[in-house]
Amino acid sequence: MSDIVATNQTILVVGGGISGMTAAIEAAEVGKQVIVIEKRPFIGGRVSQLYKYFPKLCFPTCGLEINQRRINANKNITVVTMAEVTGLVGEAGNYTASVKISPRYVNSNCTACGACGDAVESEFDNEFNYNMDKRKGAYLPYNLAQPQRYVIDPQMIGTDDAQKAKDACKFNAVDLDMQEETIELKAGAVIYATGWRPYDANKIQPYGYDRIKNVITSVEFERMMDPFGPTGGKLVRPSDGAEAKKVAFIQCAGSRDRNYLKHCSRICCMASLKQSTYVSEKYGDDAEVSIYYIDIRAIDRFDDFYQKVQDDKNVTFIKSKVASIVENKANGNPTLHGVDTEGYNRYANEHDLVVLAVGMEPSVDKDTFPIEIKVNDEGFIEHDEANGGVFAAGCSSDALDVNRAVQHATAAALRAIQVVNRVAKAEG
Amino acid sequence: MAGEMKIGAYVCKGCGIGERLNADQLATTATRDGKAAICQQHDYLCSEEGVNMIQNDIDNEGVNRVVIAACSRRAKTDAFAFKHVTLHRANLREGVIWVRPDSDDQQETTQEMADDYVRMACAEAKYSKVPEASGQQGVNRNILIVGGGVAGMTAALEASKAGYPCTIVEKAATLGGAVAQLYKTIPTKAPYADPQDSGVDELIAAIEADSNITVHLNSRTTNIAGAPGRFAADISAESGATVTKDFGAIVQASGFKPYDANQLPEFAYGKNKDVVTQLELEALAKAANGSAIKRPSDGKEVSSVVFVQCAGQRSKKEGHLEHCSGYCCSASIKQAMYFKDQNPDVETTIMYTDLRTPGAGGENFYRSGQKKGIIFTKSVVSEVVNGANPTVKFKDLILNEEAEVEADLVVLATGMVPNAGQATRAELTIEENEDKADAKSSGEAQVIRVEVESILNLDYRQGKDVPHMANGFADSHFICFPYETQRTGIYTAGPTRRPMDAKQAMDDAMGAAMRAIGEAENAGLGKAAHPRSGDLSFPTFRKEGCTQCKRCTVECPFGAINEDEQGYPVYNESRCRRCGTCMGACPVRVISFESYSVDTVGQQLKAVDIPEEFDEKPRILVLACENDAYPALDMAAQNKLEYSAFARVIPVRCLGSISLSWITDSLNSGFDGIMLMGCPSGDNYQCHFVKGSGTAQERMGKVGDTLQSLSLEKERVATYEISITDIHKVPKLINDMATTIEKIGMSPFKF
């Protein structure tokens with residue numbers, strides 16, 4: 001990794017999700033040198049874990065394929081995976097970043113032939129599917145993973161299986177002695193495209209995510225639809241594998257709430273509207289969806305989609321902040337308690353499955369940025385002159401949908417280019 | 001690349017290829033059938049050693065057509081990236097051994113499959129040239145910005161900061177647009193508690209101080225000819241004076257028109273002076289400038305005000321807007337604060353159905369409004385009754401009852417109507433187009449076109465403005481690519497693209513400026529824009545063969561082709577996205593790209609070895625979209641999902657590029673089945689070239705006649721809509737086709 005060339009005209013992009021990819025491509029395609037630092041073993045970020053996008057109901061991997069092809073074809077972009085920025089010092093036009101690279105135990109000789117995966121037995125929690133299933137200890141994170149290169153789980157190191165993986169590889173790609181290393185990189189501008197993580201549903205005590213098996217989160221529900229996901233594309237209950245036809249979506253689960261997340265995450269209403277179509281996709285007229293909401297925030301042109309879902313007679317909207325969820329021990333059904341504020345009626349509704357529409361939290365904790373940077377109460381990076389040559393892109397700046405995150409990231413690329421062009425001019 | 005064509009073929013034996021296939025035979029096929037001058041085998045071709053071996057042949061042996069018989073064209077692209085040669089991939093791993101069972105009885109057909117792919121890659125090599133830019137345009141870093149509101153000004157300032165000179169064309173007498181009419185704007189910084197100054201004056205001052213920015217006020221673009229890298233824009237002032245300037249790319253920030261509230265008689269607008277729109281309230285607030293706001297009818301200080309959200313919006317009623325304008329909830333909170341901040345005793349009520357204040361800032365601002373005592377009532381307003389004070393009748397959705405309230409002032413939150421010029425004619429087919437031309441003086445479409453003034457006045461065969469998407473916005477259709485309008489080098493930003501507030505419009509403008517800069521740079525180098533970024537190949541046509549049928553100019557999804565006086569196509573390289581839809585449209589096959597042509601594909605399918613009829617080995621041609629169906633096939637292979645050994649897959653840039661001659665040629669040469677795999681079409685189309693898949697389906701409708709004339713069953717040719725996620729489906733479809741052929745029998749056209 002020490003062969004990476006970086007100067008104070010280089011743009012460092014922290015995070016290789018859709019925002020980071022976009023910023024990198026935009027900058028690189030006008031000739032700028034870009035280094036992308038990605039924490040996971042592959043680029044693509046959260047969108048790689050989505051089944052469909054709203055409102056078109058198209059597939060995120062379609063756009064990922066294009067972006068990955070553009071990145072692969074562009075010599076100006078260097079992608080460093082399994083890496084994190086641990087330190088950042090300097091000022092606009094002259095930064096030095098410390099980047100910690102974790103061992104993948106597989107080097108660039110890998111052809112993704114899959115021999116190591118076939119050779120090993122050990123299995124570990126599959127983080128790509130939010131630990132809802134297991135994957136092997138030598139694995140390709142998912143079908144479209146880029147770089148197309150296997151990973152060996154550090155938990156397997158030192159076991160016989162690790163040796164088996166090494167022995168199975170004909171290309172000397174498995175390197176069990178690989179060590180963590182920290183490298184220093186120069187950069188003129190830094191784009192933080194560190195994205196978001198789903199709010200920890202365990203914290204929302206009244207909803208019993210930690211106690212009731214058939215209460216899951218929206219991101220988990222999304223994975224269930226993938227034919228290669230934890231349930232093989234079936235919408236079933238975690239408790240007993242029964243078909244989940246009567247599904248409740250709880251909006252603002254932990255959002256717009258002083259006890260949890262203060263802000264509205266913008267995407268959750270649209271995500272649940274989209275997910276309501278999944279239930280219909282699987283069960284047709286047997287689908288029975290209830291959406292418990294405060295406001296349906298199907299903003300601007302998305303309202304068309306809301307209107308379409310409203311026309312679906314299998315979907316009911318209940319204006320209510322659900323008070324609590326109790327499990328019916330007899331059948332595992334979660335029962336929702338609360339008051340329907342339209343008319344003030346109490347309810348106790350039983351469902352097969354409850355999906356918590358959890359909000360977006362910034363991936364980087366507020367106080368852990370390696371450099372002083374202006375961050376609001378919610379933890380999102382504010383645009384501020386004081387940030388110098390460090391710019392946010394996408395969900396590190398606010399809760400955004402993919403379209404707006406990409407728009408924001410495109411703008412961030414220009415901000416970074418302004419800095420490195422200034423440097424280039426000064427250096428002649 | 002003067003001199004002889006020389007094919008070097010390289011067979012990889014890694015990843016199981018060597019064990020599963022007879023590599024020597026593949027090498028023989030490459031030299032004997034493929035006419036490769038050099039053929040080498042390697043155990044691990046993508047290794048440094050393997051790559052060096054190939055590079056050495058390029059450097060020292062004169063190899064200029066490189067055939068890699070190894071993995072998919074999507075794999076190991078970093079290793080197999082050679083300069084100044086053409087590259088062809090015979091997909092033996094994902095395309096052959098991973099989709100076929102490893103058993104002795106299958107070995108023969110599996111080997112045949114691999115041999116064919118080697119022949120096909122060599123055939124493609126034979127008919128390909130290394131693409132070189134046309135040199136039609138140089139780098140022009142001047143950016144034209146149409147619209148001088150906050151979006152346009154931001155685009156100019158930010159592009160200028162990166163070193164790109166900008167020209168703003170604004171039709172009004174001053175800069176500032178809609179935001180200049182506002183008293184204050186929604187806060188953009190923590191703690192998001194109070195309205196803030198719009199900053200318009202600072203923006204205008206910055207524009208004036210920037211010597212890199214030229215401003216034309218009272219002006220319009222009356223004609224824009226050319227293409228990215230060489231746009232020539234006529235900028236005409238109201239006085240009539242016109243200057244023509246050259247630009248590399250364009251940002252269109254033409255903003256919105258306020259919705260005409262006269263279409264809302266039920267809310268007493270126009271009848272009662274104290275029923276105003278949000279924009280009119282801004283004027284009242286400006287006039288008050290911090291003192292009590294007075295109402296229009298009698299100048300009384302307002303002591304109670306009701307805001308009616310979604311007035312004429314989110315409604316399918318005639319004359320209403322179907323969309324939500326996104327910003328009005330926050331705008332009403334801001335306006336209620338104008339009253340509350342001046343005098344907390346003023347009663348302010350916001351009547352809404354869904355309060356939409358997203359993000360960190362939005363929710364904080366909402367909370368701040370609640371703290372300041374603004375009343376939020378979830379209700380549907382049915383009527384505003386005219387009287388000395390307007391009376392608002394509404395259904396309170398919480399109490400579930402009808403109610404009414406009298407107020408000094410009623411503010412209607414009416415929405416944004418995009419100012420996006422004329423809807424284009426891009427969707428018209430040839431026939432419709434001709435019909436319209438015949439009936440020039442009549443017809444509804446004609447009337448609508450006259451009413452709307454064009455913004456850009458593009459001198460394009462396919463209309464004067466950027467094509468509109470839903471609700472009349474000149475948006476991109478793509479979630480992952482918000483700036484991909486159907487006009488290369490023209491990027492829309494702000495409310496002309498989609499409804500948005502000032503802050504988002506400014507962010508948006510910056511993104512559009514980025515895209516404009518990108519296009520100005522790349523057009524100058526002859527490089528394609530998204531999604532085939534960097535592609536240097538571009539279409540040319542053989543004039544002697546052209547029949548001036550105009551199909552190419554009509555069907556181009558990007559309006560890239562104009563016509564000369566005689567009706568011959570005039571290609572504009574930098575408008576072109578390299579999809580090949582024109583090539584597919586051309587009935588006389590005169591259009592081609594250096595690296596993608598009727599021959600590069602046609603010769604591949606001719607290179608397939610067709611066994612004799614009694615061999616019972618059918619051949620199925622699969623033409624697969626390179627972005628979705630082809631990756632889906634690769635991923636099926638990764639998962640070892642098997643499909644018929646009789647399939648021969650050729651990736652195509654887009655289904656729209658498929659020439660009918662490929663279909664007839666393959667039928668004539670004895671293929672038993674033909675499968676076309678493109679993206680889903682329709683309203684939510686996924687084709688990144690807009691309509692390739694739909695176009696192909698239409699064209700294939702005409703194949704019926706061909707089949708009939710050859711006495712072939714119609715099931716032999718089928719078109720499918722495939723998404724990249726259809727990983728299980730694609731092998732199944734191929735196997736289904738194999739079963740169908742088994743049923744209907746082999747094609748009699750084997751030679």
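A residue is called buried if 20 or more other C-beta atoms lie within 10 Å of its own, exposed if 12 or fewer, and partly exposed in between, with C-beta atoms placed from the backbone. By that count, 59% of the 428 residues of chain A are buried.

Some ground rules. This is a predicted model, in which local features need pLDDT of at least 70 and side-chain atom pairs count only at pLDDT 80 or more, while totals for chains, interfaces and linings use all residues. Residues are numbered from 1 along each chain as its sequence is written, and chains are lettered from A and ligands numbered from 1 in the order in which they are written.

**Exercise 1. Work out the overall build of chain A.**

Step 1: Take the outline. The C-alpha atoms of chain A fill a box of roughly 70 × 55 × 35 Å along the principal axes.

Step 2: Check the radius of gyration, taken over C-alpha atoms, against the globule rule of 2.2 Å times the number of residues to the power 0.38. A compact globule of 428 residues would come out near 22 Å, and chain A has 23 Å, which agrees.

Step 3: List the secondary structure. Helices (H or I, at least four residues) and strands (E, at least two) are DSSP runs, numbered from the N terminus. Chain A has 8 helices and 22 strands.

Step 4: Chain A gives domain 1 (11–101 + 180–195 + 363–427), domain 2 (115–168) and domain 3 (199–360). The C-alpha centres of domain 1 and domain 3 of chain A are 32 Å apart.

Step 5: Look at where those two domains touch. Residues are in contact if their C-beta atoms, placed from the backbone, lie within 7 Å. On that basis, 13 residues of domain 1 of chain A meet 20 residues of domain 3 of chain A. For classes, Ala, Val, Leu, Ile, Met, Phe, Trp, Tyr, Cys and Pro count as nonpolar, Asp, Glu, Lys and Arg as charged, and the others, Gly among them, as polar. The domain 1 side of chain A that touches domain 3 then has 8 nonpolar, 1 polar and 4 charged residues.

**Exercise 2. Describe how chain A meets chain B.**

Step 1: Count the contacts. 63 residues of chain A are in contact with 72 residues of chain B.

Step 2: Find the helices involved. α1 (18–28), α2 (60–73), α7 (303–310) and α8 (402–427) of chain A each supply at least two residues of the chain A side. α8(A) gives the largest share, 12 residues.

Step 3: Sort by class. The side of chain A that touches chain B has 25 nonpolar, 18 polar and 20 charged residues.

**Exercise 3. Why is strand β26 of chain B largely enclosed?**

Step 1: Count buried residues. 6 of the 6 residues of β26 (620–625) of chain B are buried, so the strand is largely enclosed by the rest of the structure.

Step 2: Check both faces. In a regular strand the side chains alternate between the two faces of the sheet. Here B:Ile620, B:Val622 and B:Ala624 are buried on one side, and B:Leu621, B:Leu623 and B:Cys625 on the other.

Step 3: Find a neighbour. β26(B) pairs in the parallel sense with β27 (647–652) of chain B over 6 bridges, and B:Leu623 stands opposite B:Ile650 in β27(B).

How values were computed
Domains from an automatic or database assignment. Pairing = 2+ DSSP bridges.
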